[in-house]
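Student: Can you walk me through this one? I have not looked at it before.

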Amino acid sequence: MNSRARALVVATGIGVSVLAVSYGAAFYAYEMGSEAAARVLSWPNTALQTFVPCFQIGKPEKPFCEGTPLNFLAYAASFPVGVAVYSAAAYFFLRRRSATST
């Protein structure tokens, strides 16, 4: 296996691992009552949910949004987005590191 393919495989593993740890930490942060930390740790989901329209079912003074299948789709899409971003960052770091070490 050449170094570029090996770096891609390793970077993908790193991306999956970082995303799993990040979402696990987000779950525990949410359970402990820190909703802001959970949103930051699960940033791919937070970013994609901003594109889904909000259907208000609450009162105007206390708005509440109803979840739709689009929200679930955005949640499911956040996993590949997160893996892609973390893997790309790891790939560029690995390639740069291997280029400077030779």
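Predicted model: local features only at pLDDT ≥ 70, side-chain atom pairs only at ≥ 80, totals over all residues.

Student: Which residues make up the largest nonpolar core?

Tutor: Ala7, Ala11, Ala90, Tyr91 and Leu94. Such a core is a set of buried Ala, Val, Leu, Ile, Met, Phe, Trp, Tyr and Cys residues joined through side-chain atoms within 4.5 Å, and buried means under 20% relative accessible area with a 1.4 Å probe, protein chains only.

Student: Which helices supply at least two residues each?

Tutor: Helix H1 (3–31) and helix H4 (69–101); helices are DSSP runs of H or I, at least four residues, numbered from the N terminus. H4 gives the largest share, 3 residues.

Student: And what does Tyr91 touch?

Tutor: Leaving out residues up to four places away in sequence, Tyr91 touches Arg4, Ala7, Leu8 and Ala11, with contact meaning heavy atoms within 4.5 Å.

Student: On to pockets. How much space lies in the largest pocket?

Tutor: About 690 Å³. On a 1 Å grid over the protein atoms alone, a pocket is an open set of points where a 1.4 Å probe fits, with protein on both sides within 12 Å along at least five of seven lines; lining residues have an atom within 4 Å of a point. The volume is the space filled by probe spheres set on the points, which are joined across faces, edges and corners.

Student: Which element gives the largest share of its lining?

Tutor: H1, with 4 residues.

Methods. Residues numbered from 1 in each chain as written. Heavy atoms only, no water. Buried < 20%, exposed > 50% of the residue type's maximum accessible area, 1.4 Å probe, protein only.
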